[in-house]
Amino acid sequence: MRKLYIPILMSCWAMTVSAKTVGTDTVSTNELAEIVVQAPKVIHKADMDVYHPSKSAVDNAKNGVQLLSNLMIPSITVSDALGTVTSAGQSVQVRINGREASVDQVRNLLPSSIKRVEWIENPGLRYNGANTVLNFIVANPTVGGSLMLYATQALNMAWGQYNPSVKFNFGRSQIEIGGGYKLTENLKVHRDYEETFTYPDGRHLIREERSLGGNIDNSIGNLWASYNYIIPDTTVIVVDVRGFLKPTNKTTYYGLMSSNTGVPDVLLTEVNGDNGSRPAVSAYWEQHFPKQQLLVVDFKTQYYMGRIFSDYIEQMPETYEYITDIHTDIKDRNQLYAIEADYIKNWSKSRLTAGASYTANRNKSIYENLGGAVFHQRQDRVYFFAEYFQRVKKFTFTAGLGAQYTDFLFHETGLGSHSWNLRPQAAITYSLNQRHQFRLNFESWQSNPSLAETNPTPQQIDGFQWRVGNPEIKTSNSYMLTLRYNFQIPRVYGQFGIRAYTSPNAITPLLMWEDDKLITTYENSRGLQNISLFLAPQFEVIPDWLTVSGYVQWRAERMRGTGYDLTNNAWSGSASMQLRHWGFTLSAQYVRAQRDLWGEKISWGEDMNLIDLTYNYKQWAFSVGCLLPFGHYDQGSVSLSKWNSNERHTRTDFRMPYIGINYNLQWGHQKRKANKRIKASGDADQSTAGGR
């Protein structure tokens, strides 16, 4: 999550059983009788927080993202203008009736159809490593079709978002068609870069880059269609077709680079980008059996066709004579096949969930800059899990175990690796009384090495830096222990907690010298450990009128690898204010991004702020606002390597006023919507080109 908002301005894993989710309106299921803590806005259950939208929140929203923003869940940062939902700087897996979805699909929801929102901060094994989960429980509307249109356009640059969708019902069937386009063209940016290289013999090379400008182009389109067939309480079938197109994604920097070698300054041009498409097809089957038993199966196939490229050029300022001219051009033709099957058995006070999945990636990379050399990689992953939930008076217990087998092989070289990893998980919840609850949960998950991290094909970055993947690195393990205390007092509710995390064999970059070449490869490091304290309150200053919420986190971390032992302390957080009355909603938001230590680098995303005013009238909503009205944009990193210490800042004049419009229309008599409870996992892999 080191670059959070810019990729969206310029532009989730596995769907697994939603056994934590209470019954949807698609098919009837039995909700476990759990101890709950009643509150005006939130109910704290054993494994989630449940938010019921107020009438004011619904009346002042025209889509699902606006409604989520109106709920003001303290630890969640929501931006309807940016189309983002994050928590503590990390991605949030979004679901609709238990089925994994996108933010665009949430935006297409009618606010009046959203009965509750489930916020799951400790997802179980069936979510397979998701950081957090938001599940929108949508009721069955009484209309036969709907049309929704959304558009946001900046006033001072070529940036905008546009999302249409339409739905039709007939008999037991439903057809949905939708799409979206995010426009970003010629966004002006600047980069400042200072670096010091230290050779093994003690010599130093110091280079400083002074910005001469740059630009970002990143436009993204998607189109989807789905067919749903349902026999209530018996069978659900879903066939889904999606297409994702990235026609242009390119970042260009121009600079004047000086060094301590005594040679004249040189003109620097650096370009990084990619483009391609990802068509995908999925099929889903859900079958109910007697005695509260359920079987769900999902299959997905995806194909990635694209190219990734980078250019690094050094020239003499006056003659434009080339000093260094490096080009990387990789064409990918990669395939994904995934299938998952899960079984759920419910009793009055307990639940058993078990499942298995298989994911296969078949990658073909053509290196045009190496004379068309072709490389093939095979990746296979098999995952099994079982999880049991039990309620005993004021306590609830969850325990489970997953097992994952991963295998990687490069056909041309015969290099690769394979490993078995266990994934234990447990949680206990205690409700002291109606206003106080404690949750202690232990989570574990695995992170597979990417195609770029395992591909041994050398890539040149600049005049003497190279990147080479390591096909022998293993899948890494992560473990996290979290204690949360939920509290409620009049007009105030929130959460305080402490979290300890470790990844003892985290996959990180490794720098080393080979002759006069500085090589960046990858290793299973000696691990990352961190501990964090966090507080997330919400305060109703004027009930149904003025609400403020926030999230603050302090984290201390330690990262160790070959030849280094580093520490980092940093705080991050967010604050939101919302004033609603007479159909108007005035929102203000501030986000301080986390400063993350990973490998030998500390990096940070955007410190964002936003102001938005929205007016709702019948089927319409009109918005005006500004991104980053205060302060300056600065995103970057600091490298602490003994071989290459550097500091990079990306900045832009980023005050972006915008206008937005939202329209929704419903008609007729609508059938129940079918929604998946699981989703076969993964995406087709993509190569990575050079770049500093």
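**Entry 1**

I began with strand β17 (residues 266–277) and strand β19 (residues 293–315), which run antiparallel and are joined by 11 bridges. For the labels I used DSSP runs numbered from the N terminus, with helices as H or I of at least four residues and strands as E of at least two. I counted two strands as paired if DSSP finds at least two bridges between them. The model is predicted; I took local features only at pLDDT of at least 70 and side-chain atom pairs only at pLDDT 80 or more, while totals for chains, interfaces and linings use all residues. Residues are numbered from 1 along each chain as its sequence is written, and side-chain values use heavy atoms, with hydrogens and water left out.

I then went to strand β18 (residues 280–289), which is antiparallel to β19 with 10 bridges. There I found W285 opposite V297 of β19. The hairpin of β18 and β19 has three residues between the strands, and K291 in this hairpin takes a positive phi near 60°.

Next I followed β19 to strand β20 (residues 322–346); the two run antiparallel and 23 bridges join them. K300 stands opposite A338 in β20. This hairpin has six residues between β19 and β20.

**Entry 2: positive phi values**

Y320 is placed in the loop between β19 and β20. For background, most residues other than glycine have a negative phi.

I listed K393 as well, another non-glycine residue, with a positive phi near 55°. K393 lies in the loop between β22 (373–392) and β23 (395–410). Is K393 buried or exposed? K393 counts as exposed because its relative accessibility is 69%. The cut-offs I used are under 20% relative accessible area for buried, over 50% for exposed, and partly exposed in between, with a 1.4 Å probe and protein chains only.

**Entry 3: N433**

I placed N433 in strand β24 (residues 416–433). N433 counts as partly exposed because its relative accessibility is 37%. A polar atom of the N433 side chain lies 2.8 Å from the backbone nitrogen of R435. For the backbone nitrogen of H436, I read 3.1 Å to a polar atom of the N433 side chain. I also checked K394, which is 39 residues from N433 along the chain; their C-alpha atoms are separated by 9.0 Å.

**Entry 4: β37, β40, β41**

I found four bridges between strand β37 (residues 601–604) and strand β40 (residues 635–640), in the antiparallel sense. Within this pairing I602 stands opposite V638 in β40. β40 also runs antiparallel to strand β41 (residues 644–651), with six bridges. G636 has H649 in β41 as its bridge partner. The hairpin from β40 to β41 goes through three residues.

**Entry 5: the sheet with β3**

I traced an open sheet of three strands in the order β3-β4-β5, with antiparallel pairing. β3 and β5 (90–91) each have a single partner strand and stand at the edges, so one side of each has no neighbour in the sheet. Four bridges join β3 to strand β4 (residues 84–87). In β4, T84 is the bridge partner of S79.

**Entry 6: second largest cavity**

I looked up the second largest cavity, which holds about 460 Å³ of space. Of its 34 lining residues, S69, V78, D80, Q578 and S587 are the closest to its centre. By cavity I mean a set of points on a 1 Å grid over the protein atoms alone where a 1.4 Å probe fits but cannot get out; lining residues have an atom within 4 Å of a point. Points are joined across faces, edges and corners, and the volume is the space filled by probe spheres set on them.

Which elements each supply at least two residues of the lining? Among them are α3 (64–71), β3 (76–79), β34 (564–581) and β35 (584–592). By class I noted 14 nonpolar, 18 polar and two charged residues in this lining. Here Ala, Val, Leu, Ile, Met, Phe, Trp, Tyr, Cys and Pro count as nonpolar, Asp, Glu, Lys and Arg as charged, and the others, Gly among them, as polar.

**Entry 7: whole chain**

Of its 692 residues, 59% are buried.

Methods
1 Å grid on protein atoms, 1.4 Å probe; cavity = no way out; pocket = protein on both sides within 12 Å on 5 of 7 lines; lining within 4 Å. Polar contact = N/O pair within 3.5 Å; in protein donor to acceptor, adjacent residues only side chain to side chain.
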